[in-house]
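The following note is meant to be read with the sequence and the model side by side. Please locate each site in turn as the points are read.

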Amino acid sequence: MLLITCPWCGPRDEIEFTCGGEAHRARPQDPAATDDAAFADFLFMRTNPKGLQRERWCHSQGCRRWFNLERSTITHEITRIYKMGEQPEASADATSPARQGGQP
Amino acid sequence: MPAGTGGSSIFLALDGAWFLIGDDLMSELDRAACTVPLGLSAKAFAEAAGTRLALAELVPPGALNLRGDLADHGFVSKACAVLGCELPRAPNSVQSAGELTVLWLGPDEWLVLTAPGGEISLAERLEEALLETHVAVTDVSGNRAHLRLKGAAAREVLAKGCPLDLHPRMFKPGSCAQTVLARTSMLLHLLDDAPTFDLFPRRSFAPYVVAWLVDAMRDHEGVFLNAA
Ligand SMILES: [Zn+2]
């Protein structure tokens, strides 16, 4: 069970939250001009790193706000929590730098 | 262990700790659509002042959901002028003035509680004052039931099904929190050090929450429930 610090409400139990998957995935600017393979990649494929991953979480049973969280997929250690629209530097051992340059 | 029926309520007591439920809990629970659905007596609850654990249902207050931008000074000043009350800015805090209580729900969202029936004119006054402002005023009076749990063991009763840190050092009077109680969404408001908790479950969940609370209260302070 994780103890997650909501940027607004402070530390709360994991059961109050919903995980929204990998963060900072940029939707193609012009989907109509994007070929099927590229759009399928955006739609279905995820980085799935072994290590630090940035994810969207929603405090769904609390303030119902979305925020970003950086978590180790190996240890579940939470290394960073930041609000939507923010894009802090990657932690030293982040494993998916390519993904983190995208738009939120 | 005196247990007896008085009027429409059953009083259950042992060593001065007692609580009360409707005389036929299940049939009362079926009346969930009524104004006072659960048959818990607010009057009897008031008479229970000084006892160690009591649960009551109150008539649900008039409730408005207010959304607006705290950075917009026009919004803040106009809303506060109508409410006669500050908007709580700190997460999970409460401001009140007169019969109005404003609970923080989010950085741009508040729950305004007023006397039952008072929500209609309050909404009209808010909408009129905030006509030119980017806000949302929504009547949510039918959304939640209103329960009150009071007594020295209240924190322990809630802690059985609530992951929130309810220790007096962490959760103080004047705090509110949207959290989970017994796997259902719950809005909690701690009124005083008694401690007295106001509980606002979703209305359709209220019968379940009351049944859960009655069960959770059983083994506290020797309270004994005899359903017969
Ligand atoms: Zn929150």
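1. The four donor atoms around the zinc ion subtend angles of 104 to 119°, which makes their arrangement tetrahedral. Four donors qualify as tetrahedral if all angles lie between 85 and 135 degrees. Please note that this is a predicted model.

2. The protein donors are the SG atoms of A:C6, A:C9 and A:C63, together with ND1 of A:H59. They lie 2.0 to 2.4 Å from the zinc ion. Along the chain, the donors follow the spacing C-x2-C-x49-H-x3-C.

3. A:C6 belongs to strand β1 (residues 3-6) of chain A, whereas A:H59 sits in the loop between β4 (52-58) and β5 (66-72) of that chain, so the pair ties together parts that are 53 residues apart in sequence. A:C6 counts as buried because its relative accessibility is 2%. A:H59 is also buried, with a relative accessible area of 0%.

4. In chain B, helix α3 (residues 73-83) has the buried residues B:F75, B:V76, B:A79, B:C80, B:V82 and B:L83. Viewed down the axis of α3(B), these fall within an arc of 160°, so they line one face of the helix. In general, an α-helix has 3.6 residues a turn, so residues three or four places apart point the same way.

5. The cover over the buried residues of α3(B) includes β5 (62-67), β7 (100-106), β8 (109-114) and α4 (119-129) of chain B. On the face turned away from the buried side, α3(B) carries the exposed residues B:H73 and B:A81.

6. Finally, the ends of the helix. B:D72 caps the N-terminal end of α3(B), with a side-chain oxygen 3.0 Å from the backbone nitrogen of B:G74. B:G84 follows α3(B) and has a positive phi, near 65°.

Conventions
Residues are numbered from 1 along each chain as its sequence is written. Chains are lettered from A and ligands numbered from 1 in the order in which they are written. This is a predicted model: local features need pLDDT of at least 70, side-chain atom pairs count only at pLDDT 80 or more; totals for chains, interfaces and linings use all residues. Side-chain values use heavy atoms; hydrogens and water are left out. Donors are N, O and S atoms within 2.8 Å of the metal (3.2 Å for Na, K and Ca); water is not among the atoms, so sites may look incomplete. Four donors count as tetrahedral if all angles lie between 85 and 135 degrees; four count as square planar and six as octahedral if opposite donors are over 155 degrees apart and all others between 65 and 115; anything else is irregular. Helices (H or I, at least four residues) and strands (E, at least two) are DSSP runs, numbered from the N terminus. Buried means under 20% relative accessible area, exposed over 50%, partly exposed in between (1.4 Å probe, protein chains only). The arc is that of the directions from the helix axis to the C-beta atoms. Contact means heavy atoms within 4.5 Å. A polar contact is a pair of N or O atoms within 3.5 Å; within protein, one must be able to donate a hydrogen and the other to accept it, and residues adjacent in sequence count only if both atoms are side-chain atoms.
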